[in-house]
Amino acid sequence: MDILTLNRLENLFFERGYGKIPSNLPEFNFYCRREVQGITVLHVIDYRQGLYISMDQYIHLKEQIETFFRDKGEREVHVMTLVLCDDTEKARRLCGGDSFCWVIDSREYRLLIHETQVADFYGWKDILEEYLFSAAREEAKAAASYAGQAKKTDWRAVSWVNAALVAVNVIIFLICTFTGDLLYNRGAFSVTALWQGEWYRLFTSMFLHWNVEHLFSNMIVLYYVGAIVERKLGALPYTALYVLSGLAGNIFSMGYELLTNAYGSSAGASGAVFGVEGALLFLVMAHRGKLESMTAGRVAFAIAFSLYCGFTSAGVNNAAHVGGVLMGFTAAAVIAASKKIQVFSNHR
């Protein structure tokens, strides 16, 4: 929150009877008021936006201000320059030799007056110090309010379904460690078991993992990637996408085994997890190639690399990975279209 804006300082000057002088230089602002002794001018330089002027330019500018009023018949022209900055050393180098120049430290909300500079200018020392004190207090209140809001968890932003899916996978694995092969024998994916009517294995196998390394590799990806996808698509659509991706992975696996006559038993959430990654790829592409801290290239590379590792390793159900990622990408596109999500936007 920027308290020390030019507009707010300008309002302060207006309240004190100063009028603004039109200028073709947006970096420099001039305000004047007639006093008994003559014309007083407040010359404000906003030195926070990468502006740089030399000492010669600075002196020439002040001379131009005085010339402007003298040409209008004013004999007494008193100009005070206020340098608004967050780099006090830079400001000191600019106006250190000018007796009528004060520095306003926008970071510490201080008015800096050096020994060689005038101690006051028509009462503005007290006015500015009171203003800066109020600004500092307002900034502190704003910071405290922001910190208080930050501590409040926005439960609507929590990816509850994704967190529940991770928890369910972990809990089932822990149960498996105490029940031996019972759940694996009853729930793992098997084409021969499917032909015997145990079609539920298409679903149950998505929540079984052979070992802790297998579980960890899937859950770490699901934890981070799934949270993003759920926030973008919604809880119920995300649940459907996860389940459909897992089922598609198992169906692809069944098709591969039937084509190759290489039957086996498999388990794991990899098909569903690859589906979540496929959905993320669609969302990043739909957001013009960038979503939060991810780019389409990075997501595509991560998916391709994971598939490559699977194809070059033994004992990996690559068909499930391919089926999952294809279903996830497609499901995300369908969900986005059905919900009329404006994914093709400039907002990133």
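I began with D98, whose relative accessible area of 16% makes this residue buried, and I kept in mind that the model I am reading is a predicted one.

I then looked for the partner of D98 and found that its side chain meets that of K62 in a salt bridge, with 2.8 Å from N to O. Since D98 sits in the loop between α3 (88–95) and β5 (101–105) while K62 belongs to helix α2 (residues 55–70), the pair ties together parts that are 36 residues apart in sequence. K62 is buried as well, at a relative accessible area of 10%, which falls under the 20% limit for that word.

Next I turned to E10, which forms a salt bridge with K20, and I noted 3.0 Å between the closest N and O atoms. E10 lies in helix α1 and K20 in strand β1 (residues 19–21), so this pair ties together parts that are ten residues apart in sequence. I looked up the exposure of both residues: E10 is buried, with a relative accessible area of 14%, whereas K20 is partly exposed, at 43%.

Because R8 lies in helix α1 (residues 6–15) and E138 in helix α4 (residues 124–151), the parts tied together here are 130 residues apart in sequence. R8 is partly exposed, with a relative accessible area of 30%, and E138 is also partly exposed, with 29%.

Last, I noted a network of salt bridges that links E89, R92 and R93, and I wrote down the count for the structure, which is eleven salt bridges.

Technical notes: Residues are numbered from 1 along each chain as its sequence is written. This is a predicted model: local features need pLDDT of at least 70, side-chain atom pairs count only at pLDDT 80 or more; totals for chains, interfaces and linings use all residues. Side-chain values use heavy atoms; hydrogens and water are left out. A salt bridge is a side-chain nitrogen of Lys or Arg within 4 Å of a carboxyl oxygen of Asp or Glu. Helices (H or I, at least four residues) and strands (E, at least two) are DSSP runs, numbered from the N terminus. Buried means under 20% relative accessible area, exposed over 50%, partly exposed in between (1.4 Å probe, protein chains only).
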